[in-house]
Amino acid sequence: MTLTVPQTDPFWLQNASVPAALLIPSPPAEASQTWEGLVLVDILIQNGRIAQIIPATHQSSSEPCLDLARKQVWSCFVDLHTHLDKGHIWNRTPNPDSTFTKALEMARKDSQSYWQAEDLYRRMEFALKCSYAHGTRAIRTHLDVLPNRVEVSWEVFQTLRQEWADRITLQAVPLAGLDYFMGTEGEQVADLVAEAGGILGGVAWMNPEVAQQIDRMMDLACDRNLPLDFHVDENNDPTSITLQYIAEAALKRSFPQQIVCGHACSLAVQSPEVANLTIDRVKEAGIGIVSLPMCNLYLQDRQTGRTPRWRGVTLVHELKQKGVPVALASDNCRDPFHGFGDHDGLEVFSQSAKIAHLDQPYGDWPKAVTTTPAALMGLPHPSRLEVGAPADLVIFKARNYSELLSRPQHDRLVLRNGRAIDTTLPDYSELDDLGV
């Protein structure tokens with residue numbers, strides 16, 4: 001059955017199942033709720049916004065209606081951690097053994113050979129087309145800091161941010177080891193980020209100077225009034241505790257901006273005492289954590305001829321139970337770090353639910369790909385179902401979580417400002433002449 005949204009204004013979405021966690025304020029007491037936490041409501045769309053949310057009435061209305069018959073409605077996705085500049089290079093520069101070390105080497109090789117403005121623009125735009133068609137409304141991407149090419153990546157990013165401003169909100173973070181920022185070149189990158197309205201960040205790794213490097217990053221950020229976004233502890237080494245260093249540094253200076261830390265894989269292989277200490281510090285410092293289950297499942301504990309022993313996922317349950325904001329994101333797509341992916345927020349949620357056991361109950365985990373990353377990005381509209389919010393919605397034919405997560409939901413309907421968009425995905429052949 002094809003779903004057709006009324007072309008009139010206003011109109012109702014009737015008998016919609018929505019995750020209770022995405023409803024603000026809390027679901028009406030009269031609304032029917034399933035054991036999975038899906039609430040049955042009617043949603044009035046007017047002037048591109050949500051005008052009313054009421055318990056499902058099952059009655060006819062004077063306004064045009066689309067009866068969803070319990071099909072699910074979510075707010076649009078927010079992808080907090082991506083690498084758009086690396087995306088879709090797998091076919092021309094694959095990772096021969098799919099290890100992290102080889103991924104670094106192959107990504108560097110590809111960047112040195114191909115990353116000119118047109119190549120970057122077309123691959124990044126391809127990713128945006130995929131994201132938009134799947135129902136994503138905001139993305140934060142990390143951009144590699146490359147010798148003599150920093151300005152090119154940021155110029156391409158700024159061009160795309162402007163061209164896509166009415167469809168996807170874009171943010172960018174520089175990606176380099178923290179040692180890079182100790183010198184004048186790092187300060188110049190921080191200035192570039194500030195001028196471009198970006199977020200300062202980099203890769204934190206254990207070394208004798210890591211504390212000084214973190215302090216330097218916070219100095220640079222404070223001087224320019226910038227938030228911070230770090231890659232941390234993307235390994236299975238229990239002695240890797242850069243997340244703890246960052247939290248303690250933020251507490252020491254009462255860092256005033258939002259800090260987000262991605263990966264934090266080693267937290268899962270540390271003793272309960274060390275992990276709990278870190279989580280407590282992270283909570284106290286107000287740091288948000290973004291987990292990348294698909295990419296880390298692909299990379300971590302990979303050894304040729306040996307079955308992996310762990311999933312590479314951080315302690316998402318323990319973090320959230322302590323009140324730490326936890327988001328889930330797509331990370332790398334079709335590049336040497338992750339040979340798969342399609343910039344789909346539902347795939348992120350679906351795979352994460354299975355990898356990290358986010359089911360039974362699903363609870364408020366739908367917020368991890370919508371509301372929570374929107375808040376960590378500081379977006380004006382937090383991607384939730386709320387009267388007055390833009391009617392940026394994704395409608396799935398699935399009526400419960402088992403149906404939702406058992407199929408790809410390629411027949412979803414995406415509304416932006418209350419109007420259905422074209423959800424046709426770009427064809428891979430668009431990039432054939434780039435060799436990818």
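Is Arg-137 buried or exposed, and what is the relative accessible area of Arg-137? Arg-137 is buried, with a relative accessible area of 9%. Buried means under 20% relative accessible area, exposed over 50% and partly exposed in between, with a 1.4 Å probe and protein chains only.

The model is predicted: local features need pLDDT of at least 70, side-chain atom pairs count only at pLDDT 80 or more, and totals for chains, interfaces and linings use all residues. Residues are numbered from 1 along each chain as its sequence is written, and side-chain values use heavy atoms, with hydrogens and water left out.

Arg-137 lies in strand 8 (residues 136-144). Helices (H or I, at least four residues) and strands (E, at least two) are DSSP runs, numbered from the N terminus. Beyond its neighbours within four places in sequence, Arg-137 is in contact with residues including Cys-76, Phe-77, Val-78, Arg-167, Asp-392 and Arg-416. Contact means heavy atoms within 4.5 Å. Pro-238 is 101 residues from Arg-137 along the chain, and their C-alpha atoms are separated by 36 Å.

Asp-344 sits in the loop between strand 14 (326-328) and helix 10 (345-355). Asp-344 counts as buried because its relative accessibility is 6%. Leaving aside neighbours within four places in sequence, Asp-344 contacts Phe-77, His-134, Pro-408 and Arg-412. Asp-344 and Cys-130 are 214 residues apart in sequence, yet 7.5 Å apart in space, C-alpha to C-alpha.

Helix 2 (residues 117-134) packs with helix 3 (residues 150-163). Two packed helices are described by the angle between their axes and the distance between the axes. For helix 2 and helix 3 the angle is about 40° and the axes are 10 Å apart. Axes are lines fitted to C-alpha atoms, for helices over the stretch in contact, and angles run from 0 to 180 degrees between N-to-C directions. Helix 2 and helix 3 are therefore oblique to each other. Angles under 35 degrees count as roughly parallel, over 145 as roughly antiparallel, 65 to 115 as roughly perpendicular and the rest as oblique. On helix 2, the contact involves Ala-117, Leu-120, Tyr-121, Met-124, Glu-125 and Leu-128. Their partners on helix 3 include Val-152, Val-156, Phe-157, Leu-160 and Glu-163. By class, the contact of helix 2 with helix 3 has nine nonpolar, two polar and two charged residues. Ala, Val, Leu, Ile, Met, Phe, Trp, Tyr, Cys and Pro count as nonpolar, Asp, Glu, Lys and Arg as charged, and the others, Gly among them, as polar.

Helix 6 (residues 242-253) has twelve residues. Its buried residues are Thr-242, Leu-243, Gln-244, Ile-246, Ala-247, Ala-249 and Ala-250. These buried residues pack against elements including helix 5 (210-224), helix 7 (272-285) and strand 13. Ser-291 lies in strand 13 (residues 288-291). At 1% relative accessibility, Ser-291 is buried.

Most residues other than glycine have a negative phi, and most peptide bonds are trans. Ser-254, which follows helix 6, has a positive phi near 50°. At 57% relative accessibility, Ser-254 is exposed. Arg-334 has a positive phi near 55°. Arg-334 is found in the loop between strand 14 and helix 10. At 12% relative accessibility, Arg-334 is buried. The peptide bond from Asp-9 to Pro-10 is cis, with omega near 5°. The bond from Gln-360 to Pro-361 is also cis, with omega near 5°.

Notes. Expected span 1.5 Å × (residues − 1).
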